[in-house]
Amino acid sequence: MSRPDESLARVRKRIAQACTAAGRASDAANLLAVSKGFGAEPVRALFAAGQSAFGESYVQEALAKQASLVDLPLHWHFIGPIQSNKTQDIALHFDWVHGVDRLKIAERLALARQAIGTPLNICVQVNISGESSKSGCPVAEAPGLCRAIAELGPHLRLRGLMAIPAPSAQLAEPRAPFRALRLLFESIRAQGIALDTISAGMSDDLESAIAEGSTLVRIGTAIFGNRIKT
Ligand SMILES: *Cc1c(COP(=O)(O)O)cnc(C)c1O
């Protein structure tokens, strides 16, 4: 297994090459390092190598890790499924939340975030065609949900859309779900709703996602190695 900072350099190179191949600026897609399943030490090593945005999927695991990294100025993104009884912890301990797929959850996050002076960045998770997980709001409902979240007040800041398409190997056209996500993003923006983020692409499909306009790729395995499945 190579060191996390070496894997990070390889992933950064893949991202820059994918951006260039798509005719985009080489820094057009940002990197979220998904540290779920790994401890604080590799996060510290990656921070030393210049990475400050980290993604977590499980609240308890994330809070424990954050507690041992409080000395570092890290940006934490919650990317897992959101249970309503966890919204307070999520609103207080993260900078971004990617899995918002219903208004009720956004309302609870907004309420809890009042305790903090800066808004919580929100991506609406969309169940784009071919998505393997059942979470995410239906495509047809995404514009309405975005509008409602944008109007929820100063404690939330709507940033964009997020999706988890089925693994590329299962798709005849690996880029199709990412293209559908971008078209949806553009159609919502055309309705006057401000969005600047497409959160899409993981270790196996970041090239397809970037080719279709992703601005934020969420990479775990390619940086940290294989997670031990529980
Ligand atoms: C685990 C996870 C990732 C990272 O996946 P890799 O295939 O390990 O890069 C990205 N996004 C979400 C929502 C995840 O749960």
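This is a predicted model: local features need pLDDT of at least 70, side-chain atom pairs count only at pLDDT 80 or more; totals for chains, interfaces and linings use all residues.
Ala, Val, Leu, Ile, Met, Phe, Trp, Tyr, Cys and Pro count as nonpolar here, Asp, Glu, Lys and Arg as charged, and the others, Gly among them, as polar. Of the 17 lining residues, Asn 30, Leu 31, Ala 53, His 77 and Leu 216 sit nearest the centre of the second largest pocket.

Now for the largest pocket, which has a volume of about 820 Å³. Its lining takes in 36 residues, and those closest to the centre are Lys 36, Ser 57, Ile 164, Met 202 and Arg 227. By class, the lining of the largest pocket runs to 16 nonpolar, 13 polar and 7 charged residues. Both α3 (59-67) and β9 (216-219) supply at least two residues to the lining of the largest pocket.

Ser 57, one of the residues closest to the centre of the largest pocket, is worth a look of its own. The loop between β2 (53-56) and α3 holds Ser 57. Its relative accessibility is 8%, and because the cut-off for buried is under 20%, Ser 57 counts as buried. Leaving out residues up to four places away in sequence, Ser 57 touches Lys 36, Phe 78, Ile 79, Gly 80 and Pro 81. Lys 36 is also among the residues closest to the centre of the largest pocket. As for Val 34, it is 23 residues from Ser 57 along the chain, with 8.5 Å between the two C-alpha atoms.

Terms used: Residues are numbered from 1 along each chain as its sequence is written. Side-chain values use heavy atoms; hydrogens and water are left out. On a 1 Å grid over the protein atoms alone, a cavity is a set of points where a 1.4 Å probe fits but cannot get out, and a pocket is an open set with protein on both sides within 12 Å along at least five of seven lines; lining residues have an atom within 4 Å of a point. Grid points are joined across faces, edges and corners, and a volume is the space filled by probe spheres set on the points. Helices (H or I, at least four residues) and strands (E, at least two) are DSSP runs, numbered from the N terminus. Buried means under 20% relative accessible area, exposed over 50%, partly exposed in between (1.4 Å probe, protein chains only). Contact means heavy atoms within 4.5 Å.
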